[in-house]
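This report describes selected features of a protein model, moving from helix packing to individual residues. Please keep the sequence and the structure in view while reading.

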Amino acid sequence: MNNTDKQSIHMLFKVQNYAALYSSYSEVIHQMLLIENQQDFADFIENEQFLEEDIFFLYYDAVNGESLFIGGYDNDVTEKVRDFLKQKLPEDLFSAIQKCLQNIYVDIDEDDTLEKTIALCNQHLENTGYIIQTVFDDTYCAGGYFLSVQSGSSYENLEVMQ
């Protein structure tokens, strides 16, 4: 995400101009709130009166391909995760973790192997300057994961924030 977009979005949140936010980023809001149209959004704002900026940015990154959203009940996500990581990691690093990327299931009520799999992958990525990050969120839905690859300075900033 470029800094101009981030600042613009932040300003819309700061002044609570949700109409302008919806106008510019309706696809993000539709996915975040699981709604289909502007009337649904108006109803949500009327009842809730606010949106979480941090959560918006999780969905923004997913809509823009910077992260991967995995629903809490997506079941077998092996291919989805493998394709995303193949796109985001250098070829040699992807090859180093490829054997770990098998039988990845997400069901937040039962069989959930995503975080264990990513922890194993991160062991293989240790000292490479890359890390795979998972964030679980259930603010507006039953729950889902956001998977992203951090590298270089973004990885160092992530460590400082934790």
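## Packing of H2 and H3

Helix H2 and helix H3 (residues 38-48) pack at an angle of about 95°, and their axes lie 10 Å apart. H2 is therefore roughly perpendicular to H3. On the H2 side, the contact is made by Tyr18, Tyr22, Ile29 and Leu33, and on the H3 side by Gln38, Phe41, Phe44 and Ile45. Sorted by class, the contact has 7 nonpolar residues, 1 polar residue and no charged residues.

The model described here is a predicted one. Two packed helices are described by the angle between their axes and the distance between the axes.

## Packing of H1 and H4

A further helix pair can be described in the same terms. Helix H1 (residues 3-14) packs with helix H4 (residues 53-63) at an angle of about 145°, with 11 Å between the axes. The crossing of these two helices, H1 and H4, is right-handed.

Which residues of H1 and H4 meet? From H1 come Asp5, Lys6, Ile9, His10 and Phe13, while H4 contributes Glu53, Phe56, Phe57 and Tyr60. In this contact of H1 with H4, 5 residues are nonpolar, 1 is polar and 3 are charged.

## Alanine 20

Alanine 20 belongs to helix H2, which covers residues 18-33. Alanine 20 counts as partly exposed because its relative accessibility is 24%, which falls between the limits of 20% and 50% for that class.

Isoleucine 9 and alanine 20 are separated by 11 residues in sequence, and their C-alpha atoms are 9.5 Å apart in space.

## The salt bridge

How many salt bridges does a search of the whole structure find? The search finds 1. Side chains of opposite charge can pair when their charged atoms come close. The side chains of lysine 80 and aspartate 74 meet in a salt bridge, with a distance of 3.1 Å from N to O.

Lysine 80 is partly exposed, with a relative accessible area of 35%. Aspartate 74 is also partly exposed, and its relative accessible area is 33%.

## Threonine 113

Threonine 113 lies in the loop between strand E3 (105-106) and helix H7 (114-125). Is threonine 113 buried or exposed? Threonine 113 is buried, because its relative accessible area is 19% and the class of buried residues lies under 20%.

Apart from neighbours within four places in sequence, threonine 113 is in contact with Asn103, Ile104 and Tyr105.

Terms used:
Residues are numbered from 1 along each chain as its sequence is written. This is a predicted model: local features need pLDDT of at least 70, side-chain atom pairs count only at pLDDT 80 or more; totals for chains, interfaces and linings use all residues. Side-chain values use heavy atoms; hydrogens and water are left out. Helices (H or I, at least four residues) and strands (E, at least two) are DSSP runs, numbered from the N terminus. Buried means under 20% relative accessible area, exposed over 50%, partly exposed in between (1.4 Å probe, protein chains only). Contact means heavy atoms within 4.5 Å. Axes are lines fitted to C-alpha atoms, for helices over the stretch in contact, and angles run from 0 to 180 degrees between N-to-C directions. A crossing is left-handed if the near helix is turned anticlockwise from the far one by less than a right angle, and right-handed if clockwise. Ala, Val, Leu, Ile, Met, Phe, Trp, Tyr, Cys and Pro count as nonpolar, Asp, Glu, Lys and Arg as charged, and the others, Gly among them, as polar. A salt bridge is a side-chain nitrogen of Lys or Arg within 4 Å of a carboxyl oxygen of Asp or Glu. Angles under 35 degrees count as roughly parallel, over 145 as roughly antiparallel, 65 to 115 as roughly perpendicular and the rest as oblique.
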